[in-house]
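Thank you for making the time this morning.

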Amino acid sequence: MQDIKFYSGENIPLELHKVRIVQKLNLVPIERRLEALYEGGFNTFRLSTMDVFLDMLTDSGTNAMSDNQLAAMMQADDAYAGSQSFVRLQKAVEDVLGKKLLLPVHQGRAAENIISLAYVKKGSLVPMNYHFTTAMAHITQNGGKIAELLYDEAYKINSDHPFKGNMNIEKLEEVIKHHGANNIPFIRMEASTNLIGGQPFSVQNLRDVRAMADKYGIRLVLDASLLGENAYMVLKREAEFKDSTMGEILKIMTGMADLVYFSARKLSSSRGGGMCTDNMTIYKELEALVPLYEGFLTYGGISIREIEAMAVGLYETLDESMICQSPSFIKYLVEALDAKGIPVIKPAGVLGAHVDAMQVCAHIPQTEYPAGALAAALFLISGVRGMERGSISNQRDEYGNETYADMELLRLAVPRRVFTLSQIKYVEDRLNWLYDNRLLIGGLRFVYEPPVLRFFMGGLEPTTDWPQKLMAKFKEDFGESL
Ligand SMILES: Cc1ncc(COP(=O)(O)O)c(C=O)c1O
């Protein structure tokens with residue numbers, strides 16, 4: 001698909017859909033937003049949508065669904081076993097992801113649970129381009145460890161490298177030699193590395209990883225939750241594929257993995273998840289665990305209606321005019337923020353815009369969670385809910401010590417086809433104001449810290465009265481404006 005140029009020369013992402021069902025939003029006064037922060041322990045996961053204006057927490061389960069997805073939900077064949085909806089999903093998985101054997105699960109982390117239960121044991125090491133929170137938690141729960149193997153470029157905020165999600169092949173071989181292939185149950189490649197700014201890997205890099213997996217006889221597992229957008233980036237950025245279709249690229253990538261798993265909340269703009277393979281041995285190793293943890297093999301804990309929406313959503317990932325929407329809005333936001341000097345991960349990736357809290361809040365030590373503080377501050381002054389992707393999202397090591405994140409990011413997710421351009425401009429405007437007033441933001445400390453995945457339900461408090469001071473400055477500058 002060609003980019004659409006404007007006569008004015010402006011670089012504007014154009015919505016290639018129309019709005020037919022709307023949901024009213026709430027923009028509550030700043031005083032209420034301050035109360036909401038205290039009630040929610042300064043953790044944006046714990047906010048109520050009644051207090052949130054633009055919900056940029058995640059794209060998981062929040063992408064807009066299409067008319068065809070909603071229509072398909074009406075033909076759900078509700079049956080505990082042998083449902084025809086599953087047959088349709090199986091066909092969609094084979095057509096889009098090229099794998100014949102499908103095991104449905106209720107969401108992405110359920111696949112991570114089953115894969116880790118089947119393959120990870122004490123002493124296992126799982127090399128990956130980068131971890132995702134739930135993937136790592138399941139591996140460590142089963143006694144394993146992870147090794148993150150990115151190139152140095154991936155950790156540079158300001159870069160023009162097109163594939164910062166590439167796995168470092170030299171390090172991969174070193175790690176395999178050092179730990180022994182026998183202790184490596186699988187290599188995990190994550191499409192569009194969520195935690196380092198939604199950065200894709202190239203097909204060439206995946207080929208190199210595959211070659212290494214073959215050389216040492218190790219399984220290759222692909223986390224395809226964000227594969228659609230990764231494939232779109234390959235189409236745009238990897239010369240070899242500039243004339244390919246989305247379908248061709250997707251199949252080339254999945255074809256290299258022994259096992260593919262995904263969160264359908266992301267990949268197919270529905271709910272649910274799945275694991276698929278062409279390898280009967282792998283299928284059998286995982287199959288037994290699905291009825292135990294998820295549900296029968298033809299629904300895997302997913303509502304049958306969602307299975308129908310998932311099948312249609314998978315086909316829709318092949319449509320460039322749909323898949324380009326989120327990345328083009330992210331690019332617009334990233335470039336607008338960058339033009340104002342706000343440090344943001346470049347090049348623009350997928351999933352969302354990622355603001356570098358380590359620079360914006362350089363005056364807040366990592367021990368006081370700059371990314372969490374920035375997320376709280378942005379919510380306070382705008383009602384925009386982003387997500388902390390920094391040290392709060394990290395887990396403590398086996399001795400209980402804090403492990404500080406490589407990057408302290410405020411992620412502003414841009415789910416597919418949800419926001420309009422004026423809403424994106426509002427985010428840009430408020431972030432701009434916050435950046436000019438950044439020294440008013442202070443640190444946070446934990447008051448309640450759950451032992452696992454602490455970022456979800458953890459409670460924090462500000463280390464000083466900085467929220468009140470930030471609110472006072474907002475009122476000074478914006479008067480009665482919400
Ligand atoms: C790359 C990646 N893998 C796995 C998951 C887990 O999926 P779910 O939230 O459906 O459990 C996510 C969710 O955000 C993700 O981004």
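Let me begin with a convention of handedness: a crossing is called left-handed if the near helix is turned anticlockwise from the far one by less than a right angle, and right-handed if clockwise. What we are looking at is a predicted model, in which local features need pLDDT of at least 70 and side-chain atom pairs count only at pLDDT 80 or more, while totals for chains, interfaces and linings use all residues. Residues are numbered from 1 along each chain as its sequence is written. Helices (H or I, at least four residues) and strands (E, at least two) are DSSP runs, numbered from the N terminus.

With that convention in hand, the crossing of α17 and α20 is right-handed. The axes of α17 and α20, the latter covering residues 466-478, come within 10 Å and cross at roughly 35 degrees, where axes are lines fitted to C-alpha atoms, for helices over the stretch in contact, and angles run from 0 to 180 degrees between N-to-C directions. Which residues of α17 and α20 meet? From α17 they are Ala377, Leu380 and Ile381, and from α20 they are Pro467, Leu470, Met471 and Phe474, two residues being in contact if their C-beta atoms, placed from the backbone, lie within 7 Å. Sorted by class, this contact has seven nonpolar, no polar and no charged residues; here Ala, Val, Leu, Ile, Met, Phe, Trp, Tyr, Cys and Pro count as nonpolar, Asp, Glu, Lys and Arg as charged, and the others, Gly among them, as polar.

Because 13 of the 13 residues of α17 are buried, the helix is largely enclosed by the rest of the structure. The term buried is used if 20 or more other C-beta atoms lie within 10 Å of a residue's own, exposed if 12 or fewer, and partly exposed in between, with C-beta atoms placed from the backbone. Just after α17, glycine 383 takes a positive phi of about 80 degrees.

The second pair is α15, residues 325-339, and α18, residues 421-436, whose axes come within 10 Å and cross at roughly 25 degrees. That angle makes α15 roughly parallel to α18, given that angles under 35 degrees count as roughly parallel, over 145 as roughly antiparallel, 65 to 115 as roughly perpendicular and the rest as oblique. α15 passes α18 in a right-handed crossing. On the α15 side the contact is made by Phe329, Tyr332, Leu333, Ala336 and Leu337, and on the α18 side by Ile424, Val427, Glu428 and Leu431. These residues divide into eight nonpolar, no polar and one charged.

The third pair has another make-up. The axes of α4, residues 108-119, and α5, residues 133-141, come within 9 Å and cross at roughly 25 degrees, and α4 and α5 are therefore roughly parallel to each other. Gly108, Arg109, Glu112, Asn113 and Ser116 of α4 make the contact with Thr134, Ala135, His138 and Ile139 of α5, and by class that contact has two nonpolar, five polar and two charged residues.

Now to the loops. Phenylalanine 201 lies in the loop between β5 (186-190) and α7 (203-216), and is buried, with 28 other C-beta atoms within 10 Å. Leaving aside residues up to four places away in sequence, phenylalanine 201 touches Asn129, Phe163, Gly165, Asn166, Met167, Met189, Leu206 and Asn230.

Finally, where is the cis peptide bond at proline 347? The bond in question runs from lysine 346 to proline 347, with omega near 0 degrees, and proline 347 has its place in the loop between α15 and β9 (352-356).
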